[in-house]
Amino acid sequence: MARIQLTETLLRDAHQSLLATRLRTEDMLPLLPLLDRIGYWSLECWGGATFDACLRFLGEDPWERLRTLREHLPNTRLQMLLRGQNLVGYRHYADDLVDKFVERAAANGIDVFRVFDALNDVRNLRRAIEAVKKAGKHCEGTISYTVSPVHDAQAFVTLAKELEALGCDTICVKDMAGLLTPTASFQLVSALVAAVKVPIHLHAHATSGMAEAVYLKAVEAGAQILDVAASAMAGGTSQPPTESLIAMLRDTPWDTGLDLDLVDQVSREVAKLRPKYARFESPLAGVDTRVLKSQIPGGMASNLGSQLKELGALERIDEVLAEVPRVRADLGYPPLVTPTSQIVGTQAVLNVLAGERYKQVACETRSYLMGYYGRSPAAPDTAIAAQVRGGDLPFEGRPADLLAPEWEKAVKEAGPLARNDEDVLSFALFPQVAERFFLKRDQPPTVPLAWHAAVAAVLEHVATAGAGRTGAAPAREAESGWKRAGRWANLHSRPRGA
């Protein structure tokens, strides 16, 4: 038995889950001296949706945010969430871009890279893991946890062994929808501890109401690190409260040794900030046990509702929620996390509204079934796959092998707008969004109008159109989507603080 370490998610996943990733750097700054004194194993503060949100919604440079956090958190490991070959975007990027992104993220302050792939396809993880190790940083290989006929403890153990063999320093079980039960948690962590020598790190969401019990059983089974969030930004689709875990483990062999009063001070400060972001509050603030059947993470459920509201079909939400598990089964049971959650959710909406399943097929669904996202956990439904592919044979190799080098091209296309390598990376990942940011960054700061959730969801869908496909046609579609989103954004902004 050993002291349990905690990773605080307040500055990344917690506000991504509850406040649509809108927490601004200026509001993080007063919290940093307190956070730096607590003694967390790490502080998750970058990656995931934060990179996109900084550029798209907040008018902030994500790289400058990272440098600021590094400056004010000298005693704490900084951690990011990296989507493997997808980096922090929505498609696969070429190997040279992966290498450059990881190198610059490490140079700007990231100590721990949590690397995951939505399909648990190791081919989509290998290059990013290699880049992290080359940078001399801590690589946390990740298991995207889900429940299906083809996902069991042995499958996850096999993946963990592969990640360890690639050089990962820790293994994270990422339960993004809150599906783990206490019994499953104990069994899985026990199996992982017996199979690999590196520490096991557990990340869960409180959506289903079982997270604290899941954590306790994981600790009993040998997990060494847990993800938590300061109580003022915990619960619901966020993580379990930091304070509760500290108290729960106090005076046990797993005592965290952390100062409960210091964390309480952080939560008090965060509580003062919440009203400022009220318009971005998630409607799923409490326990939602529907996730146990649908496996739909909270953010995905709210986005589905927003899409249907925009289409004037919100009354059909129950039909869509029932269709999601069927589409997921058709596609070979992918875990529902970016980008597969968007693929499955969008196809479910199309199936319901068209009145006939797969009468309309999203381009991302076809790309998935063509193998451009990676290998599905199970074989997709044969008839549906044949219908969608239209006679084309699926690609069996590593998706990134289809991509030509991108770095030099991005340097040329960004041109004088890019002042450094970090700017080039921002442009390569989000061309139109980054271009708008570069043109405005020397002007007085602005933030987008308080758009209602439906418009935000539609913009996100438009912006990621064609993200999973290769070739010129999807690239043109995506560029067109960015331009439409850009025109809308330019018409709907007002001074900061609005």
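I take axes as lines fitted to C-alpha atoms, for helices over the stretch in contact, with angles running from 0 to 180 degrees between N-to-C directions. I work on a predicted model, in which local features need pLDDT of at least 70 and side-chain atom pairs count only at pLDDT 80 or more, while totals for chains, interfaces and linings use all residues. Residues are numbered from 1 along each chain as its sequence is written, and side-chain values use heavy atoms, with hydrogens and water left out.

**Entry 1. The chain overall**

I counted 23 helices and ten strands in the protein chain; these are DSSP runs (helices H or I, at least four residues; strands E, at least two), numbered from the N terminus. Of the 498 residues, 59% count as buried; buried means under 20% relative accessible area, exposed over 50% and partly exposed in between, with a 1.4 Å probe and protein chains only. I then looked up contacts (heavy atoms within 4.5 Å). Among those between residues at least 6 apart in sequence, 77% join residues at least 24 apart.

How many residues of α20 are buried? In this helix, residues 421-429, eight of the nine are buried. I list them as Glu422, Asp423, Val424, Leu425, Ser426, Phe427, Ala428 and Leu429. Their cover includes α4, α5 (62-72), α6 (95-108), α19 (407-414) and α21 (431-440).

At the N-terminal end, asparagine 420 caps α20, with a side-chain oxygen 3.2 Å from the backbone nitrogen of glutamate 422. I use polar contact for a pair of N or O atoms within 3.5 Å; within protein, one must be able to donate a hydrogen and the other to accept it, and residues adjacent in sequence count only if both atoms are side-chain atoms.

**Entry 2. Two helix pairs**

The axes of α20 and α21 come within 5 Å and cross at roughly 135 degrees. The pair is therefore oblique. On the α20 side the contact is made by Asp423, Ser426, Phe427, Ala428 and Leu429, and on the α21 side by Pro431, Ala434 and Phe438. My angle classes are roughly parallel under 35 degrees, roughly antiparallel over 145, roughly perpendicular from 65 to 115, and oblique for the rest.

For α19 and α20 I read an angle of about 95 degrees, with the axes 9 Å apart. These two helices are therefore roughly perpendicular to each other. Trp407, Ala410, Val411, Glu413 and Ala414 of α19 meet Asp421, Val424, Leu425, Phe427 and Ala428 of α20.

**Entry 3. Leucine 55**

I located leucine 55 in helix α4 (residues 50-58). Is leucine 55 buried or exposed? Leucine 55 is buried, at a relative accessible area of 5%. Leaving aside neighbours within four places in sequence, leucine 55 is in contact with Glu60, Pro62, Ser426, Phe430, Val433 and Phe437. I also noted that leucine 55 and phenylalanine 438, 383 residues apart in sequence, lie 9.3 Å apart in space, C-alpha to C-alpha.

**Entry 4. Helix α10**

The buried residues of α10 (residues 211-221) are Ala211, Val214, Tyr215, Ala218, Val219 and Ala221. They cover an arc of only 160 degrees around the axis, which puts them on the same side of α10; the arc is that of the directions from the helix axis to the C-beta atoms. Among the elements that cover them are α9 (182-195), β7 (200-204), β8 (225-228) and α11 (242-249). Just after α10, glycine 222 takes a positive phi of about 120 degrees.

**Entry 5. Cysteines**

I found zero disulfides in the structure, a disulfide being a pair of cysteine sulfur atoms within 2.5 Å. Cysteine 45 is buried at a relative accessible area of 0%, and cysteine 54 is buried at 1%.
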